Amino acid sequence: MNNYKLLTPGPLTTTEAVKREMLIDRCTWDDDYKQVTQTIRQQLVELAQVDETQYTAVLMQGSGSFVVESVLTTTILNDIDKVLIITNGAYGERIVKMAKALQLQHVVYCVPYNEQPSPLEVQNILEKDDSITHVAVVHCETTTGILNPIDDIGAVVQAFNKTYIVDAMSSFGGVPMDLSNGQIDFLISSANKCIQGVPGFGFVIAKIEALQQCEGIAKSVALDLYDQWKVMQVDGKWRFTSPTHVVAAFAKALEELAEEGGVEARSKRYAQNNQLLRERLSHCGLKAYIAEDMQSPIITTFLYPDEAFSFDDFYQDMKQAGFVIYPGKLTELDTFRIGNIGDVHEEDITALCKVIENYMAVKNNEN
Ligand SMILES: *Cc1c(COP(=O)(O)O)cnc(C)c1O
């Protein structure tokens, strides 16, 4: 198989050093391994700029969605609690699907895909319905690449004293985040996004006070985040088999994040790459779907330039040149996506832009 640059929102391109960590087999009940888990938990809390007396990090096997579902089933009581779910993309909609499957009482604040949810509207909803106990929102909607105003919404949620759940899957580690204002009770992310690890587990940065109240709520054994925390809290042991290779790779990825200069530096790299990409593609007729002021540095959705455009042909051409891009996820518009996250640097984006510019020039000549 060829070594492509993945310009996708995870799994993404990882470094050689991260991949190399997976060549060693590790023992789950060995003290050294458990210490790796504990160090990761500590570092995640630090990345969230909070204190270990107030927040804890719990790691959970599975892809990101498993962890979202784990938070929902662990924190929301059936028949008693009610969650307001804010949606402007497929990942918010996935939370709604989970709420339905878990038979949680829920209401949906549905926003068009190219708009941000309004904190004022959240306030209106909470004022009108005081049976709402939880609010769930996605930070970067990876469907489009839009960045949602989680702080402004969080201020409202906090004023109403509700539990705040944030799916920051595709942004944590790539966009500076400060949880020290105490707005967020449960923040969810995973190993294979902006921390630049490989897929296999996700994590929750949870307010200890909120997590302590969740004993016995989960309608699942495997996804019980409270139980996972209780066991992990003892000495870093995972309940059930832990993804040892993935955990080791993740520890390395965290080291590399620090070496790069932390979240600030990484976020700057992503943002510069994103801007370069948007600018150069716009000059050859590929317009971004999300307005610049709402665009995240994570992933960008581009509209097809014209009717004649074939994504398949474009995709194969890019792949030939060593880049794997992503199809769009909008139903009513023809789009494709290009991710910026992972071990992707300015020279990669420049090379990609050249390939795209050539492709577009050839197509324009043919037409
Ligand atoms: C990647 C992602 C998820 C999780 O997706 P999985 O395929 O289960 O890893 C959830 N929410 C958002 C916003 C994401 O970007």
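**Interface between domain 1 and domain 2**

In the predicted model, 11 residue pairs, with both members at pLDDT 80 or more, are in polar contact between domain 1 and domain 2. Salt bridges are absent from this boundary, the count between the two domains being zero.

On the side of domain 1 that touches domain 2, two elements each contribute two or more residues, namely α10 (262-283) and β11 (299-303). Of these, α10 supplies the largest share, with seven residues. By residue class, this side of domain 1 comprises 11 nonpolar, seven polar and six charged residues.

The domain assignment of the protein chain places residues 5-9 together with 262-366 in domain 1, and residues 16-258 in domain 2. The centres of the two domains, taken over C-alpha atoms, lie 28 Å apart. Contact between them involves 24 residues of domain 1 and 27 residues of domain 2.

The area buried between domain 1 and domain 2 amounts to about 2100 Å², and carbon and sulfur atoms account for 59% of it. Within domain 1, the greatest losses of area to domain 2 are those of Val-263, Arg-266 and Met-294; together, these residues make up 30% of what the domain 1 side buries.

Key:
Residues numbered from 1 in each chain as written. Predicted model: local features only at pLDDT ≥ 70, side-chain atom pairs only at ≥ 80, totals over all residues. Heavy atoms only, no water. Domains from an automatic or database assignment. Contact = heavy atoms within 4.5 Å. Buried area = accessible area lost by both parts, 1.4 Å probe. Salt bridge = Lys/Arg side-chain N within 4 Å of Asp/Glu carboxyl O. Polar contact = N/O pair within 3.5 Å; in protein donor to acceptor, adjacent residues only side chain to side chain. Helix = DSSP H or I, 4+ residues; strand = E, 2+ residues; numbered from the N terminus. Nonpolar A, V, L, I, M, F, W, Y, C, P; charged D, E, K, R; others polar.
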